[in-house]
Amino acid sequence: MKKRVLGSSNIEISAIGLGAMGMDHAYGPQSDRLEMEKLLKQAIDLGCNFVDTAPVYGDANEKLLGEVFRGTRENVVIATKFGITGQEMVNNKPQNKLDSKPESIRQQLEASLKRLQTDYIDLYFQHRVDPEVSPEAVAQTMNKFIQEGKIKAWGVSEAPLEYIKRAHKVCPISAIENQYSMVYRGPEDELFEFCEQENVALIAYSPLGNGFLSGKYSDNQTFSDDDLRSTMGRFKPEVMAKNQAVLDEIKQMAKNKNATPAQIVLSWELHQKQFIIPIPGTTKIERLKENLKSNEVEFSASELKYLNETLDKLDIDETYF
């Protein structure tokens with residue numbers, strides 16, 4: 001597995017990480033604990049040392065990582081989050097409860113440390129911006145945690161660029177976690193330049209478009225009520241039909257390279273910028289192996305140019321929710 005550096009933190013991580021959310025949250029019922037333990041251990045054996053979790057995925061998610069990596073903590077780089085303290089239903093949609101007040105963050109941190117059975121967190125993300133708390137106050141809190149040895153580095157997720165810049169001046173940010181994929185290229189507009197200039201990593205969640213870019217779902221696909229995709233705009237028949245052209249290009253490139261569509265997509269992300277680390281999630285060991293092998297798929301300059309120019313020409317519907 002190739003390695004990349006987590007921004008200015010100098011923490012070395014695998015070029016492809018593992019998102020743990022789906023093991024407990026958003027994609028149906030909780031996955032079998034023994035199977036997930038096997039999968040997490042297999043990830044480490046295959047060279048993937050970066051795992052992303054969050055309290056809002058359920059206490060069980062962090063606890064799972066704590067159990068699996070107890071005694072081998074030095075072998076894994078763990079990212080977890082603060083700032084979302086729960087969810088409530090508003091108009092039949094989950095709404096995040098936000099709290100990034102300094103005293104609350106410390107309570108959230110201590111709770112995560114306990115669940116993870118560790119005395120430090122490698123990368124601590126503000127999961128979502130709290131409009132009631134300034135970025136400077138959050139950054140000052142992170143600086144204290146770093147000085148105390150509670151965290152090694154910090155970052156933000158889905159924050160406005162101006163917020164990021166203000167926080168970065170107070171306590172340098174090592175990573176930004178945002179959605180990024182062939183059907184959601186928003187970070188290219190502003191964040192790429194910032195990441196390049198300030199030596200900040202971009203942790204790309206939903207790099208496979210919640211599975212759409214794997215090519216495994218048809219436009220008449222149905223999902224269970226407890227699966228987030230059952231209500232996502234990305235999986236509406238008309239959106240999937242419009243984005244079929246993207247899948248057609250991916251499948252052709254996969255055929256040419258004797259790879260899978262998912263491997264083409266993840267390799268494309270790795271080739272876009274050296275600071276990008278995709279974190280595809282999975283609960284299946286065969287998918288884990290498939291995803292991690294993406295770092296072995298190479299593109300020539302002309303192949304990458306063709307893919308990017310093709311994506312630019314296509315009328316892609318970036319509908320998410």
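The model is predicted, so to speak of local features a pLDDT of at least 70 is needed, side-chain atom pairs count only at pLDDT 80 or more, and totals for chains, interfaces and linings use all residues. Residues are numbered from 1 along each chain as its sequence is written, and side-chain values use heavy atoms, with hydrogens and water left out. Helices (H or I, at least four residues) and strands (E, at least two) are DSSP runs numbered from the N terminus.

**The sheet and its strands**

- Eight strands form an open sheet: 8 strands in the order β3-β4-β5-β8-β9-β10-β11-β12, with parallel pairing.
- At the edges stand β3 (18-19) and β12 (276-278), each of which pairs on one side only.
- Two strands are said to pair if DSSP finds at least two bridges between them.
- Within this model, β9 (residues 151-157) and β10 (residues 175-179) pair in the parallel sense over 3 bridges, and V156 stands opposite I176 in β10.

- Strands β6 (residues 84-90) and β7 (residues 93-98) run antiparallel and are joined by 6 bridges.
- One place to look is E88, whose bridge partner in β7 is Q95.
- The hairpin has 2 residues between the strands, and N91 takes a positive phi near 55° there.

- Helix α2 covers residues 59-68, and its buried residues are N61, E62, L64, L65, G66 and V68.
- Here, buried means under 20% relative accessible area, exposed means over 50%, and partly exposed lies in between (1.4 Å probe, protein chains only).
- The buried residues of α2 pack against α1 (33-45), β4 (50-52), β5 (77-82) and α3 (102-116); contact means heavy atoms within 4.5 Å.

**Q272 in helix α9**

- Q272 sits in helix α9 (residues 261-272).
- Q272 counts as buried because its relative accessibility is 15%.
- Its side chain makes a polar contact with the side chain of Y180 at 3.3 Å, and a polar contact of 3.1 Å joins the side chains of Q272 and N308.
- A polar contact is a pair of N or O atoms within 3.5 Å; within protein, one must be able to donate a hydrogen and the other to accept it, and residues adjacent in sequence count only if both atoms are side-chain atoms.
- Leaving aside residues up to four places away in sequence, Q272 touches Y180, E188, L304 and N308.

**I146 in helix α4**

- I146 belongs to helix α4 (residues 135-148).
- With a relative accessible area of 31%, I146 is partly exposed.
- Not counting residues up to four places away in sequence, I146 touches I151, K152, W154 and C171.
- I146 and A111 are 35 residues apart in sequence and, C-alpha to C-alpha, 17 Å apart in space.

**Two loop residues with positive phi**

- E158 lies in the loop between β9 and α5 (161-170), where its phi is near 55°, a positive value in a residue other than glycine.
- E158 is partly exposed, at 27% relative accessible area.
- S206 is found in the loop between β11 (201-205) and α7 (237-242), and its phi, near 50°, is likewise positive in a residue other than glycine.
- S206 is buried, with a relative accessible area of 14%.

**Pocket and cavity**

- On a 1 Å grid over the protein atoms alone, a cavity is a set of points where a 1.4 Å probe fits but cannot get out, and a pocket is an open set with protein on both sides within 12 Å along at least five of seven lines; lining residues have an atom within 4 Å of a point.
- Grid points are joined across faces, edges and corners, and a volume is the space filled by probe spheres set on the points.
- The second largest pocket holds about 170 Å³ of space, and its lining includes E158, N178, Y184 and D189.
- There is 1 cavity of 30 Å³ or more, and the largest cavity holds about 30 Å³.
- Helices α8 (244-257) and α11 (301-313) are the elements that give two or more residues to the lining of the largest cavity.
- The residues lining the largest cavity are M182, V246, E249, I250, L307, T310 and L311.
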